[in-house]
Amino acid sequence: MRRPFLKQLTAAAVAALMAVCPFGTGSTASAVNIREGIPSIVSAPSDAAAMIGTSYFYTPKDTSVTIPIVFDSDKPIKGVEIQLFADGLPLSESLLNISSITTSPKMLFDAEQPNTKNGSFTAMCIDKNPPKSFTLNYKIKPSTHVKPGSYHITANIVIYADAGEPVSIYTDPGTLYVVGDRANGTAKVTIDDLVVDPAKDKEVQVIAHVTSNAPMSGTEMRLMSNHAYLPNDDFSVKSIEFKPQPFDDCAIGLDVAGFNALDSNANGVDGNFDVIFTLEVNKYAKAGTYKMSTRSLFLNEDNKPMYLDEIDYSLKPHDDPESDGTVAVTVSDATFDPNRQDTASLDVTLSSDLKMCAASMQLLCDGKPFPNDLFQIKSITAGKGSGTVSKDEQKAMLVADITKSGGTKGPVKFTFELASGKSLAAGTYDMSVDISCSDDNAYEMKVNQTIGKLTVKPLEETTEPPETTHFDPTETTAEEPTGSTDPTEPTAAEPTGSTDPTETTAEEPSDSTDTTTPTKPPIKPSKKTFGDMDGDMKLGIVDVIVLNKNLMVGEPLSDEAKENADVDQNGRIDETDALNILKAVVEIITLPIVD
C-alpha cells in the first residue's frame with residue numbers, strides 16, 4: 001500500500017526532507033507531476049520509513065554531490081544498515097565513489113567506514129536518546145567515466161528500532177542528475193535581493209527571471225531564502241504565477257514553495273519567462289535584506305538536463321558549508337595537582353559573529369580522542385544559552401542544539417571535569433576539541449581555535465619515618481649479665497642455663513614464625529566477557545561495530561575478541577552473534593546464550 005510520504009512523516013522529518021530534497025523523485029529525466037502524489041513510500045508495519053532525495057551534479061564545477069536519505073520512525077532508531085545502488089547496480093569505482101557519510105543532527109550516529117565498491121555501510125547510534133527522525137547524507141565523488149544523464153538511486157535498508165527486531169524497509173527511487181554537456185542547452189535564473197519591513201509589508205513578491213538558449217520540455221523549481229527552503233518562520237508562499245505562461249501542464253505546490261511543469265505537446269517552449277512568487281510575511285520575520293534564490297532543473301526539448309549557469313548557492317546541498325560566520329573556540333589552561341585534588345576543570349568557550357544554532361564537539365588530549373589511559377571524564381556541564389545538550393561522557397562528546405535557546409552569538413561555556421587515569425604522568429598536555437558549529441541557517445561555520453595547556457604536577461614522594469626499636473625492659477635486664485663486670489650484680493653469677501621466663505618469652509616469636517605454613521596466592525579471575533570486542537570489559541554499541549567490521553570487510557579480531565564473539569557458543573562467529581550482541585546492548589537478552 002502506498003501512502004503519501006509527507007503525511008506519514010513527523011514534522012521534524014518533513015523539515016529535514018525539505019532542507020535537502022527537491023519535491024521530485026521521478027524515475028525518468030522528466031519532471032514529476034505533483035498532482036499524482038507527493039513522493040510516496042511503501043513502509044514496513046513498524047511505521048518506519050525512508051526517503052531518497054533528488055540530487056544534481058554539475059561536472060564542470062562540482063567535485064562531489066550529496067545524496068540525502070531521510071529516515072522517520074514511530075520508535076527511536078538505534079541503527080541502520082544500507083546498501084546503495086545506481087541503476088540497479090552496486091556503486092563501483094567506474095561510476096560513483098563514496099567519500100564520506102554525515103548525519104543531521106550531527107554526531108548522533110557513528111558510521112562505519114563505507115565499502116566504496118558495493119555502496120554498503122552501517123551506522124549505529126551512540127547517543128543516549130536515539131532520534132526518531134534524522135537525515136543521512138552520502139557524499140559521492142563521481143568518477144571521470146560517469147556520463148551526463150539521470151541515474152536511479154535505490155537502497156536496501158534495515159532499521160534497528162528501539163526494543164524491536166531489525167526491519168527491512170522499501171524506498172521509492174531517488175534520482176541523480178548528472179549535467180555536464182552544454183550542448184544540451186544552458187539556462188539562467190536571476191533574482192533581485194528582497195528588502196522587507198514586517199511592520200509595513202504583509203505580502204511581498206519575488207520574481208525569478210528565467211532565460212535559456214534552447215527550447216524547454218519541462219522544469220522544476222523551488223524557492224529559497226537565505227539558503228533555507230520555504231515555507232519557514234519568515235515567509236509562506238501564497239501563490240506562484242508565470243508571465244507569460246510557457247507550459248500547458250503545470251503542477252504547483254505551495255507547501256513546498258515550488259512547481260514542476262511539462263510541455264504536453266512535446267514541441268518545446270520558449271525558455272524566456274518570469275516566475276512570480278507572492279509571499280506572506282510571517283510574524284517571526286525580521287526587518288532586513290533577504291537573499292532569494294532557487295533550486296532548479298531545466299530539460300531541453302529532448303528531455304535532457306540543461307546546464308544551469310547560476311548554481312553558486314542555489315543548487316548546492318543545504319548542509320554544505322556556506323556560512324561566512326566564524327566561531328572563536330577557546331580551551332582554557334588548567335593545572336592538575338594529584339597530590340591535593342581529585343579532579344581538574346577544563347572550560348571550552350564558544351563565541352561567534354553570527355548566531356549559532358548547533359555545536360558538536362569531542363575533547364582531545366594531544367590530538368587523541370577519549371577514552372584513554374591518561375584522563376577519565378567525570379562530568380560534562382553546559383552553561384547558559386547552550387540549549388538542549390546530549391552527552392557521551394566516556395568519549396568526552398557533546399551535541400548542543402542551541403536553537404532551543406533561540407540561537408546565540410555566545411559566549412557559551414562547556415566544562416569538562418577530568419580525573420586521573422591509570423597511566424597519567426606529570427607533564428604538559430595540549431587540550432583541544434574536534435568541533436563543528438552551524439549558524440542560524442544551519443550552515444557550517446569556520447572555527448578559530450585556541451588550544452589549552454593542562455599541566456599535571458608530579459606526585460610528591462612520601463618519606464617514611466625511620467623505624468624505631470622497641471626496647472623491652474625485661475629483655476634488657478636479661479642481656480646485661482653477658483658483659484657485666486660489676487660483682488655486686490647478682491645476675492652476673494647466674495648459670496648460662498638459666499630458665500628465666502622473660503628470656504623464654506623473647507624467643508617465642510621466632511619459633512612461631514618458623515612453623516607458619518605459607519598461604520597460596522589467590523586465583524586470578526577469568527576476564528572472558530561475552531560480547532566484548534574492544535577489550536574494555538564492557539558491553540556497548542562499539543562492540544557491535546567492531547564485529548560487523550570483521551564480518552563485512554574482514555577486519556581482524558584479537559584472540560580474546562574471537563572467544564568473546566561466539567555468544568551462542570556454537571563454535572562459529574557469524575551475523576547471528578552480532579545481532580545477539582546488539583540485543584544485549586539494548587537489554588533485550590543477557591549473554592551468553594545458553595540452550
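Ala257 is found in the loop between strand E21 and strand E22 (258-262). In this predicted model, Ala257 has a positive phi of about 55°, although the residue is not a glycine. Is Ala257 buried or exposed? Its relative accessible area is 0%, and because buried means under 20%, Ala257 counts as buried.

A second residue can be set beside this one. Asn303 also is not a glycine and has a positive phi, here of about 65°. Asn303 sits in the loop that runs between strand E25 (292-300) and strand E26 (307-308). The relative accessibility of Asn303 is 38%, so this residue counts as partly exposed, since that class lies between 20% and 50%.

Pro244 is found between strand E20 (235-243) and strand E21 (249-253). The peptide bond leading from Lys243 to Pro244 is cis, and its omega is near -15°.

The chain as a whole comes next. Its secondary structure comes to seven helices and 38 strands. The chain has 595 residues, and 45% of them count as buried. Among the contacts with a separation of 6 or more, 74% are between residues 24 or more positions apart.

The largest nonpolar core has 41 residues, and the members that touch the most others are Val275, Phe277 and Leu279. Strand E23 (residues 273-281) gives the largest share of this core, five residues. What does Val275 touch, leaving out residues up to four places away in sequence? Its partners are Val206, Ile207, Ala208, Val210, Met221, Ile240, Glu241, Phe242 and Phe259.

Two or more lining residues are given by each of strand E9 (109-111), strand E32 (375-382), helix H5 (541-553) and helix H7 (575-585). Which element gives the largest share of the lining? Helix H5 does, with six residues. Sorted by class, the lining of this pocket holds 19 nonpolar, 15 charged and eight polar residues.

Within the helix, the buried residues include Asp577, Ala578, Asn580 and Ile581. Leu582, Lys583 and Ala584 of H7 are buried as well. An α-helix has 3.6 residues a turn, so residues three or four places apart point the same way. Just after H7, Glu587 takes a positive phi of about 65°. Pro592 has its place in the segment after H7. A cis peptide bond joins Leu591 to Pro592, with an omega of about -5°.

Definitions and conventions
Residues numbered from 1 in each chain as written. Predicted model: local features only at pLDDT ≥ 70, side-chain atom pairs only at ≥ 80, totals over all residues. Heavy atoms only, no water. Helix = DSSP H or I, 4+ residues; strand = E, 2+ residues; numbered from the N terminus. Nonpolar A, V, L, I, M, F, W, Y, C, P; charged D, E, K, R; others polar. Core = buried A, V, L, I, M, F, W, Y, C linked by side-chain atoms within 4.5 Å. Buried < 20%, exposed > 50% of the residue type's maximum accessible area, 1.4 Å probe, protein only. Contact = heavy atoms within 4.5 Å.
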